[in-house]
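Hello! Here is the structure I promised to pass on to you. Have a look at it first, and then read my notes below.

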Amino acid sequence: MKKTNFLLSIMLLATVFFCGCSKKDEDLSVKGIALSKSSLTLKPGTSETLKVTFFPENVANKNVGWSSSDEDIAGVSETGAVTALKPGNATITAVSEDGGEKATCAVSVTLNDPEMKQGAVEGTWTKYSVIHINGQVNVPQGKTLTIEEGVEIIVATEGQDANNTKIEFIVHGNLYCYGTEEAPVVFTVPAEKRIAENIFARLWGGIVGSITCGEIVLDHVLMEYTGAVTTLTSPSVTAGLFKPGGGEGMVAFNTNNPSGKYVIINSTFRYTGEDAIYVQGGSCIFTNNLFYAVGEAGGEAINVKAGCKVDAAYNLMYSPNTNGFKLSNSGADGGTRFQAQINAYNNTIVNSGWRRDPNKPKGGSVWAEAGCLVNVYNNLIVNSMFAVKAPDFGIDATDGPDLNSRIDYNYYASGNAQSAISQHIANGTLTAFDGFKTGVKDVVYGAHDVRGNAVGDKDPQFVNFPFANNPVLNYNYDPTWDFHLQVGSPALSGANTGFTPYFIASGVTVNGKQYKSPAPSAWFGAFGTK
């Protein structure tokens, strides 16, 4: 019996010993990891969670760190949830805390599926979508359309009826376009139509805010190929917003509600048959925009009528057909369509006016008329056909602007380039200097203006724009041009900072966000030094 008990004790001790050794010596470290997918294809705004498999399965430490090679394209959470942000490619990497073992997943973010739109539209056009507009379109009264970053709106160019009526975008409600510098909202035409021959072909109408349109924001928006000639059946005509035909067309952007609120910032307007911005009502902020190739036979970058209060500043206007600004109180009715009030300050206006019909020269940089109340300060006007013009200013507010207007502190410089058009030669306007010098009809001479005394004088010293010899009739904008001023430029000081823009304090609140006008700068033009 004693022998049996002894043997049992030995066996028990052996079991405990061997079991203890096995548990103690088992390796629970991470030898490798794998992800549930090695590749993903997602649309912007969608998500998918990656799962991690460990080798061996019973590792002691299952913590991993996550990262994305491009967080602008695809982000990843601490739990492996991958969210697509914008089109492109990124690699998601998981790294085990124990051992630093790695696994990756290639993520491809593609554009959202194309959509076809016509008729009444509202809601949201989600980021990086392609929207094909193949018929007349409108935002109904009381409704809102929001267009997110990276959305491309492609407007069909075919006539919509027997009158060959082109497509228009009418806003009776609210429109909010929120692009970014890298991913603007684009209003354009089919790719095969985007050719040099169509720059002034007026392929579609433009955006029109009707009398019931309450709010519009265009932030980082590109508008092109607008200005279609209206017909009897154009939506803007049947709504009483435009006149039919007559050889003139629609503008890229238009408003009609004096109680409306409209903000256009950081946007580009190009290839327009008529004006880029033509407002007939509303509280407006237009800042930091680029205009070029504006107007075929006439047309302004910004045209303001009665019923508007506007701050327009830090815009670059290259080669508008007739003027950078046309400011007028036409349409005033003594009631809701109140006196047009405009601050136009710190804008750079280049090559303006030369493409206007030489038999009907009018303006050339800024034109103020018909009783509008204006402050035109700090503008850098270069190689344009004329200085600021205001017929009978200070004498007759019926023709010219309100007698309380101020037009001063503007900088004028002319390069050497000359026009070869016979009528320009006959009119004595070979160079911009000819339209800047003393004695030109309707030109306003401010006591604090800076004016060159000859061609080439008062060179503003742009970083790289060819001030001296840029052809005056050129409208082809080079995106490599830099209109900032070099250190030492004579245009860096002497401007007027002692006035208050309308919306610098109160701002204009649109869609719950307050937009404020920028303060005037001591330099002339839209850009100081870098």
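**What I found in it**

Pro56 sits in the loop that runs between strand E4 (52–55) and strand E5 (64–68). Strands here (E, at least two residues) and helices (H or I, at least four) are DSSP runs, numbered from the N terminus. The bond between Phe55 and Pro56 is a cis peptide bond, with omega about -5°.

Before going on, a word on the background. This is a predicted model, in which local features need pLDDT of at least 70 and side-chain atom pairs count only at pLDDT 80 or more, while totals for chains, interfaces and linings use all residues. Residues are numbered from 1 along each chain as its sequence is written, and side-chain values use heavy atoms, with hydrogens and water left out.

Why is that bond worth a look? Most peptide bonds are trans, and most residues other than glycine have a negative phi.

Two residues here have a positive phi without being glycine: Asn288, near 60°, and Tyr409, near 55°. Asn288 is in the loop between strand E25 (282–287) and strand E26 (290–294). Tyr409 is in the loop between strand E36 (406–407) and strand E37 (411–413).

Are they buried or exposed? Tyr409 is buried, at 18% relative accessible area, whereas Asn288 is partly exposed, at 42%. Buried means under 20% relative accessible area, exposed over 50%, and partly exposed in between (1.4 Å probe, protein chains only).

Finally, look at Asn303 in strand E27 (residues 300–304). Asn303 is buried too, at 4%. Leaving aside residues up to four places away in sequence, Asn303 touches Asp275, Ile277, Tyr278, Val279 and Lys326; contact means heavy atoms within 4.5 Å.

Enjoy exploring!
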